[in-house]
Amino acid sequence: MTDFTDEELALDPHFAEQFEKGFRPACQLYLISPPAIDETFVDQLAQAFDGGKVAAFQLRLKGIDDHAIAALAGPIQALCAEREVAFIINDSIGLAKRLNADGVHLGQEDGDPREARKQLGPKVQIGVTCHDSRHLAMEAGEAGADYVAFGAFYPTTTKETTHRAEPSILGWWTTLFELPCVAIGGITPDNAAPLIAAGADFLAVSGTVWNHPEGPKAGVAAFASVLDGA
Ligand SMILES: Cc1ncc(COP(=O)(O)OP(=O)(O)O)c(N)n1
Ligand SMILES: Cc1ncsc1CCOP(=O)(O)O
Ligand SMILES: [Mg+2]
């Protein structure tokens, strides 16, 4: 906490209380969909869930509108409910509300977390992309986010990224704040250890699971063994 200014500390009135508590559950898997899917995707998702524990699933579809996403979402959302996996919608507060999703993930250009809270109510999980910025993360916490996401930690072909985060930001965050943090970007079972050791509460992964040569069940199982052994 040496590089934390008084001004930054003032952003969080519960700092001392949070710092005192210190307890965090073990790191969990947060699965993100491929950027494009068809109606058969739900079978792939079921296989992924068979591979091991998944805490949350984010429906992140790019290049199609909310109506088209809503048309695909039904069986996916039902499967998430059946497997007790939180169903998170990416980008759209309106779609999260329409589908009664468990959560919404907002990038810096996707809407205001305060507005999301107003629209979605107290129970819906709101996540916010914070890139590699401590300032954005504290702002998101102040705005009522339920988690902050840092990344990209490693090169990825799933999304064009302009920010690169270091594991130390996870250590900094978890030392100071109770609010969960998510690590994202190019994460594989082979490179996950420093993120888990630094304190990531969730690993958000897409390509490594969906492109696994033995299928998504093996992709999730590979993460499960890293997370269980951590
Ligand atoms: C868990 C999680 N973290 C970060 C992102 C990225 O969100 P954003 O910056 O809005 O980029 P897109 O995903 O919308 O391309 C995410 N989706 N999920
Ligand atoms: C959505 C997103 N935001 C930052 S990196 C990224 C892509 C995550 O996918 P992958 O696990 O395939 O790198
Ligand atoms: Mg977004």
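Visitor: Where does D91 lie?
Guide: D91 lies in the loop between β3 (86–90) and α5 (93–99). Those labels are DSSP runs numbered from the N terminus: helices are H or I, at least four residues, and strands are E, at least two. This is a predicted model, where local features need pLDDT of at least 70, side-chain atom pairs count only at pLDDT 80 or more, and totals for chains, interfaces and linings use all residues. Residues are numbered from 1 along each chain as its sequence is written, while chains are lettered from A and ligands numbered from 1 in the order in which they are written.

Visitor: Okay, is D91 buried or exposed?
Guide: D91 is buried, because 21 other C-beta atoms are within 10 Å. The cut-offs are 20 or more other C-beta atoms within 10 Å of its own for buried, 12 or fewer for exposed, and partly exposed in between, with C-beta atoms placed from the backbone.

Visitor: And what about D110, where's that?
Guide: D110 sits in the loop between β4 (103–106) and α6 (113–120). D110 is partly exposed, with 16 other C-beta atoms within 10 Å.

Visitor: Which residues is D91 in contact with?
Guide: Leaving aside neighbours within four places in sequence, D91 is in contact with G107 and D110. Contact means the two C-beta atoms, placed from the backbone, lie within 7 Å.

Visitor: New topic: what does UniProt list for "binding site"?
Guide: The unreviewed UniProt entry lists D91 and D110. They span 20 residues in sequence, yet no two of their C-alpha atoms are more than 5.5 Å apart, so they gather at one spot. UniProt positions use the numbering here, feature names are shortened, and annotations may be inferred rather than shown by experiment.
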